[in-house]
Amino acid sequence: MKIPQFKSFVGASDYQALEKVFENNYIAEGPYAKKFQEELLTITGSKYGCFASNGTLAIYLALKALNIKPGDEIIVQNITFIATANAVEMIGAKPVFADIVSFDDPTIDLKKIKITPNTKGIIIAHLFGTACSNIEEIVTFCKDNNLILIEDAAQALAIKNAQGHCGTFGKIGTFSFYADKTITTAEGGFVVTNDEALNERLTYLRNQGRKKSGTFIHPEIGYNFRITDLQAALGLAQLEKLEYIISYKQNLFKSYKKYLGDKVTFLKVREDFTYIPFRVVVFVENAEKVMKHMEAKGIEPRSVFYPLHKQPCFKDFGLTDEGFENSIECFNRGICLPTWIGLTEEQIEYVSKTLLEAI
Ligand SMILES: *Cc1c(COP(=O)(O)O)cnc(C)c1O
């Protein structure tokens, strides 16, 4: 049996959606983008939102709209995809890493945050299909310390509780529609905010410093972060399948839980938030060894994110492991199990059996 880590869930309905865009004879950002934008605002409950070319540029655009500048420091959760930190670097600001609360709960540990006169904000990442477990404390901490809260919700579309949707708890939130996210447009990003003035800045920045295309008078300096109607139509077709995707992924999780029981530690997940496993993540004593065994049996497991403070590309920061113990344990123990639409009960049983063999 060969079981890949991930397979995109695209097919006939997505293809038909693309055909319609061609029939319309309008492939750049247009009517489908407007409809997709409206639907995303309904799902997130956010007042305003605009597209970016991808999730990385969505974070960049957010930081740019917030006027983050070279010399500023932005606190970044030490376990997240590298893009979260690289968007800060792209602005010219300095990402300052903070450890997570425990190996099975990759949310920022507020006790590990070092605020300096240059600290402007915090980027948290809602990872693996659940919300940061201490989101309320993070919101309060940012208010108390006059810091801007930016939420990287790339993996958190449709994840919400009674208080709100991921990406809307702080000043600004970003999403990604990359191939392996909950819904995909191949590449694509979205930025949400409830702040009218900030939305105006976002609108200018993403479309050459003007509110609408078709004019050559540019009140502000701006760039091109647009998407295409091909992507938007794909996004709308994907949203049609969202309920199916959610229940399929939740069932995958139940099956893994049934086979693995208490022999592994599962990712800590808050009950009050929707849980849509981006990947089912488990923690074992020695992830590297277990993954080797799984690979030998035709399974493609994946590690969790490598701690940012250890990244070769950030070696110039001169950081040591001190103060990052939980991130290190998270990496040493974490395994992302194959999680995708179409994965069968038999395959889940095989993955689980192989994992248990290894431990
Ligand atoms: C995917 C992802 C990104 C980057 O999004 P792209 O669309 O691939 O640029 C950023 N942060 C997290 C947590 C992600 O999972």
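Is asparagine 146 buried or exposed? Asparagine 146 counts as exposed, because its relative accessibility is 70% and the cut-off for exposed is over 50%. The model is predicted.

## Loop residues with positive phi

Most residues other than glycine have a negative phi. Asparagine 146 has a positive one, about 55 degrees. Its place is the loop between helix H5 (135-144) and strand S7 (148-152).

Glutamine 208 is another non-glycine residue with positive phi, near 55 degrees. This residue sits in the loop between helix H6 (196-206) and helix H7 (229-240). Its relative accessibility is 29%, so glutamine 208 counts as partly exposed.

## Helix H3 and its ends

Helix H3 covers residues 55-65. Nine of its 11 residues are buried, so the rest of the structure largely encloses this helix. The buried residues are Gly55, Leu57, Ala58, Ile59, Tyr60, Leu61, Ala62, Leu63 and Ala65.

Asparagine 54 caps the N-terminal end of H3. One of its side-chain oxygens lies 3.0 Å from the backbone nitrogen of threonine 56. After H3 comes asparagine 67, with a positive phi near 70 degrees.

## Alanine 17 in helix H1

Alanine 17 belongs to helix H1 (residues 12-24). It counts as buried because its relative accessibility is 13%, and buried means under 20%.

What does alanine 17 contact, leaving aside its neighbours within four places in sequence? The partners are Ala233 and Ala237. Leucine 236 is 219 residues away from alanine 17 in sequence. In space, the two are 8.1 Å apart, C-alpha to C-alpha.

## Packing of H8 against H11

Two packed helices are described by the angle between their axes and the distance between the axes. For helix H8 (residues 242-260) and helix H11 (residues 345-358), the axes come within 9 Å. They cross at roughly 40 degrees. That angle makes H8 oblique to H11. The crossing is right-handed.

Which residues make the contact? H8 supplies Leu252, Ser255, Tyr256, Lys258, Tyr259 and Leu260. H11 supplies Glu345, Ile348, Glu349, Val351, Ser352, Leu355 and Leu356. By class, the contact of H8 with H11 has eight nonpolar, two polar and three charged residues.

Terms used
Residues numbered from 1 in each chain as written. Predicted model: local features only at pLDDT ≥ 70, side-chain atom pairs only at ≥ 80, totals over all residues. Heavy atoms only, no water. Buried < 20%, exposed > 50% of the residue type's maximum accessible area, 1.4 Å probe, protein only. Helix = DSSP H or I, 4+ residues; strand = E, 2+ residues; numbered from the N terminus. Polar contact = N/O pair within 3.5 Å; in protein donor to acceptor, adjacent residues only side chain to side chain. Axes fitted to C-alpha atoms, helices over the stretch in contact; angles between N-to-C directions. Parallel < 35°, antiparallel > 145°, perpendicular 65-115°, else oblique. Left-handed = near helix turned anticlockwise from the far one by under 90°. Contact = heavy atoms within 4.5 Å. Nonpolar A, V, L, I, M, F, W, Y, C, P; charged D, E, K, R; others polar.
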